[in-house]
Amino acid sequence: MKVVVTPRKKLCKPIEKPIKQYKERLPAVIKMNYPIKTEGYQVKQINQDVTIYQPKMKQTIETLKEFGNEKIGFKIAEPKNVTYRIQPVPSTKNDKVNLFIDAYANNYRQLAQQLSRIKWDEEGVHLPEQDKVFFETEITNKAFNQYITTSENLAEYTKQQVDFTWFKSPIYRVKEDKIYKGVHSENTIGYEFSLQRSSGLALDMVNQQYTEKPLREFLELSKTLLKGEKVIIQFGFKSCESDWWKDAEAEIKNNRKGSKPTDKSKLKLGFAGFDCCLRLIVNTADKSRLETVARGYILSLKQLDDDNKLIEKKVHKKKFDAWLNKKVLKRKITVPYKFTNRFILTHREIKNFIKIPQRTLQKDFELDVNEREETTVHKSLLSKSGLRIGHSKVGDENYPITLPFNKTKQALDDFMKTYVFMGAPRTGKDTSQCNFLIEAAKFGCGAIVPDVIDEKGNDRGMADTLRDAIPKDKLIDVDLCDTNYPIYLGFDDLIELIGEGGVDEIASDLVRILDLEEHYASKSLTRLIAKACRCNLYNMFCFLKSDSYAKEVYNQLLSTDELLAMQVKNEYIDVTVPANVKGAVLSRIDDLLGIGIVKNMFAQKPSARFNLKKFIEENKVVLIRMRKTGGVGEFGARVLMNILTLKVFRIKKMLQNDTCTFMVFNEPHQYDSKALTQTMEDMLLECPKYRLGLLFAFHHPAKLPKSLWDNMQTAAMNFFLFKNTNFSVYKDLADQLKPIDIDVAMKTEKYESIFLPYINGKQLTPLFVKMLPPAKDRQEMYDNSDLKGQHAIKYGTPITIVRQSIKEREMAMYTKEEDGEEKPKSKSKKA
C-alpha cells in the first residue's frame, strides 16, 4: 500500500485525530497521539473523526521528512516470518501430512475480517496477510535439510502441527536467510512453476504416504552435485475461498477442447483448496552446470503430472534478484486475478511436496538423522537426590540421570530390585557396576561382591576399584585364596541364625550344592551325614573316609540327638553302604576339599570372626576375592559361590529389616551350576521384599540358563544394554527397545548403554545413557591397598594352626584304622 501526501507552502494546525485512508480496498489506520507539524496540505474535513488529504501531486514515501522540530516514522512494516528446521528420526512417517495441510484449510479470511488484524507500532503499519506455510528443501552433496516457514503470528500453531505430524522429530528455529545464503543472479538459476490447465484438474492424487516419490529422486540426484552446489525447492500454500470449486467446475465445463477429466479430478473438487507456489533454485559456481542440474529436478517434479501438468518458467537473469527478494525471501504466494491462472491444489496433491525421508531412505542414503532424538527422559529419572548413573543427551540438553531413592518402604521396594548390565567385553559393564555400588554406598547401602576374576588395579579389577573408591571404615576386603590366613566358611553361623530346623534346611541345600539330587540313595546318604556333622563339609569327608570317626560322631549324637543317632546307626554304622553310593558322595566332597586352599577354609575349627550377618547389618561393602584360575579352581568357585549366595539370601530373609544390601554376580557363567541357578531364580522374585538387590553382568543371554534369563525378565529389572556385536541380542529385545530401532541400538558407543528403566511399577521409554566415568576420573581415591592384608589377619586363621588341626584329626583317624578296628558285618543297604 502507498501513503501519498502533497507538500504545500502553508502550515496547517496540529492534527490530533485518527486518520483513515482507503486505497485499492486495503485500509490502514494511523493513530497520532501527539501533534505533528506539516507543510500545507489541501485538506478536506469529512466529519469530526476523519480527515482525508486531497493531494494535487502524488509522492510515495516510506518515512516522512523532518518537519519543524519533529520526526515521525511512517512506513509499511515488513512481514515477519519464522523458520524451523525439521530433522527426521528413525520412526518418521508421512502418514499424517494430510492432517497437517487440512489444519490450515479454514484460515481464509475475507477483506472485512482482515480489518481487526491491522496493527501499528514503532516499526510501522502491519498489514494483514492470509495465513501461509512454506515447505523448503535444501539439497547439497552432503546434506538434505528441510524447513518450514510461516508468519510470526502463526509460528506456535505451526510448530504444534509439526509436532503432531512428525512425532518426535526435533524442530530447531533457524534464521530465514540461512537457507538462501550465497544465492544471487550471477551463480543461480530460478524457476517458477504453474499449472498447464485449469486448477480444477488434478495432479497425481495417488495415496503417497507410503511411497518415496519424489524424495528418492531428489536424493539420487544429490549424489551428482559437486562441492559447493546447492538446490532449493520452495513450496508454499495458503487457504483459498471455500467456493473455489464453482469457478473450477465452470472452467472444466467450458473447456470442451481439452481431454475429459478423470475421476481423480472430479474427486479434487470435493476437497478444500489452497493457493500454492512452487519454485526451484539451483546454485553453483559453474554456470555451465546450472541448467543441467535443474533439468534433473524438474523431471523429478514432473513425475507428479496427471490430468494436470506442471509447467516450469525460467526466471530471467535481469529479473532474478527482484524475484528472489520480493517473492522467494518474503515467501510470497501470488494470487492472479483470473481464475485460469491460479495454482490451486488440495491436500491430496500437496502432500507430494511435503514429506520428509522415512527410515528406508535414511538408511539408503545415510542421511544425517538424529537417530536418538526419539528417546525421552522421564521426570522420575531427573531427581537431584537420586543415585547417579550417568547423563543422557536429548536435543541440545544433557540431563543427569538418576535412580529415585529414599527410605520409604514403597521407594525401597522399587529400588532394591535386579539390575542387569549386558554387553560385549570391555564396553563398560564392570565400571558401571562399580559406580553403582560406589554411589549406593554414599546412600548407606552395603554390598557383597564376590570376585572370581580378581583383576589387579583400580582401572580394571572390580575388587581393587571398589577398595580404592570407598572409605576404609565401610569396607571388608578378604581373599579366599590367601594361603597364610584362610577364612572359615562353614555354615555354623547360618544354622545358629535359623535356629531349630537350621541343620535340616542347610542339609537339603548341601544336597543341591553337591549336585546329588538325581539319585535317591546318594541324596539320602548326603542329607543324613550332613545332619550328623552339622553341615561341616570337612567333617562329612572324614565321616565317609573313616569308620572310626563315624563312630565318634555317632557317640556324640547319643547325648545330643538320640533319634538322629539311631538313624545313623541303622542306615550307616550297622550296614554296608554300597560302594557306588558312598563313592558318589565322597567323590563330590573330595573334588572340593582336594583343593588345598578350599580344604583349609572348611577343615579349621569353626570361627565367628568372618561374620557376614554383622557385616550386612553394618552396611559394609564386603569384597570377597576368590580367584578361579590359579586359586580355588572351577569346581571350587562353583561351590563357594553357591555357599556365599545361600548364606546371603538366608541371612537377609531372617533379618527382614530395611538394611539395603546388593549382591554382585559378575559373569555368572564362570561359576554357574544347577543349584546356584535355582537359588538365583528364587532370589530374583523374592529379594526386593528382603531389601536385597541383585547386580548381574554378562555378555549375552545365551551365557545364562534359559530359565534364569526368563526369570530376570519377569523380575521387573532395570536393564543396561551396552555395546554388543551379537545381532541376535538386539533382535530378541526389539520389542523392549522400541522406539529405538535395531540398527540404531547397535551403534551404541563404548561406556554407553541403552537404559530400559522400570520405575515405580512402570516400564519407561528406553534411553541412551552415557555412564559415569571410572571412579578415579571423577572423585578422590583412597589408598586402601593394605586393607586386604590387615583383614586377612583379622578375619582369618593362621595357616599353622589350621594345618595342625588337620594333622591331629587325620592322624587320629588313620591310627585307629591301622589298629584294626573293623566295621561289624551286616546286611547291605540297597542302593
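The model is predicted. Its chain has 831 residues, of which 52% are buried, and its secondary structure comes to 30 helices and 30 strands.

**Chain overall**

- The chain exposes about 39600 Å², and carbon and sulfur atoms supply 49% of that area.
- Taking contacts in the chain between residues at least 6 apart in sequence, 79% join residues at least 24 apart.

**Nonpolar cores**

- The largest nonpolar core holds 116 residues, and the members that touch the most others are F491, F602, F610 and M712.
- Helix α23, which spans residues 628–655, gives the most to this core, with 13 residues.
- Residues of this core come from both domain 2 (387–488 + 605–776) and domain 3 (491–603), so the core lies between the two domains.
- F602 touches Y488, L489, G490, N536, L537, Y538, L592, L593, L640 and I643, when residues up to four places away in sequence are not counted.
- Another core, of 55 residues, lies apart from the largest one, and A103, V162, F193 and L195 are among its members.

**Cysteines**

- The count of disulfides comes to zero, with a pair of cysteine sulfur atoms required to lie within 2.5 Å.
- C240 is in no disulfide, and the nearest cysteine sulfur, which belongs to C276, is 8.4 Å away.
- C240 is buried, at a relative accessible area of 3%.
- C542 is also in no disulfide, the nearest cysteine sulfur being that of C533 at 8.4 Å.
- C542 is buried, with a relative accessible area of 0%.

**Salt bridges**

- The whole structure contains 47 salt bridges.
- One of them joins the side chains of D743 and R359, with an N to O distance of 2.4 Å.
- D743 lies in helix α28 (residues 742–745) and R359 in helix α10 (residues 359–364), so this pair ties together parts of the chain that are 384 residues apart in sequence.
- D743 is partly exposed, with a relative accessible area of 22%, whereas R359 is buried at 11%.
- K647 and D493 meet through their side chains in a salt bridge of 3.2 Å, N to O.
- This pair links distant parts of the chain, with K647 in helix α23 and D493 in helix α14 (residues 492–498), 154 residues apart.
- K647 is buried, with a relative accessible area of 3%, and D493 is partly exposed at 28%.
- D509 forms a salt bridge with R512, and the closest N and O atoms of the pair are 3.1 Å apart.
- D509 and R512 are three residues apart in helix α15 (residues 502–513), so about one helical turn separates them.
- D509 is buried, with a relative accessible area of 6%, and R512 is buried with a value of 15%.
- A network of salt bridges links D464, R467, D468, D477 and R625.

**Loop residue I333**

- I333 sits in the loop between α8 (317–328) and β17 (344–345).
- I333 is buried, with a relative accessible area of 6%.
- The C-alpha atoms of I333 and D275 are separated by 7.4 Å, while the two residues are 58 apart along the chain.
- With neighbours within four places in sequence left aside, I333 is in contact with K132, F134, G236, F237, K238, D275, C276 and C277.
- C276, one of these contacts of I333, also carries the cysteine sulfur nearest to that of C240.

Key: Residues numbered from 1 in each chain as written. Predicted model: local features only at pLDDT ≥ 70, side-chain atom pairs only at ≥ 80, totals over all residues. Heavy atoms only, no water. Core = buried A, V, L, I, M, F, W, Y, C linked by side-chain atoms within 4.5 Å. Buried < 20%, exposed > 50% of the residue type's maximum accessible area, 1.4 Å probe, protein only. Helix = DSSP H or I, 4+ residues; strand = E, 2+ residues; numbered from the N terminus. Domains from an automatic or database assignment. Contact = heavy atoms within 4.5 Å. Areas by Shrake-Rupley, 256 points an atom, 1.4 Å probe, with all protein chains shown as cover. Salt bridge = Lys/Arg side-chain N within 4 Å of Asp/Glu carboxyl O.
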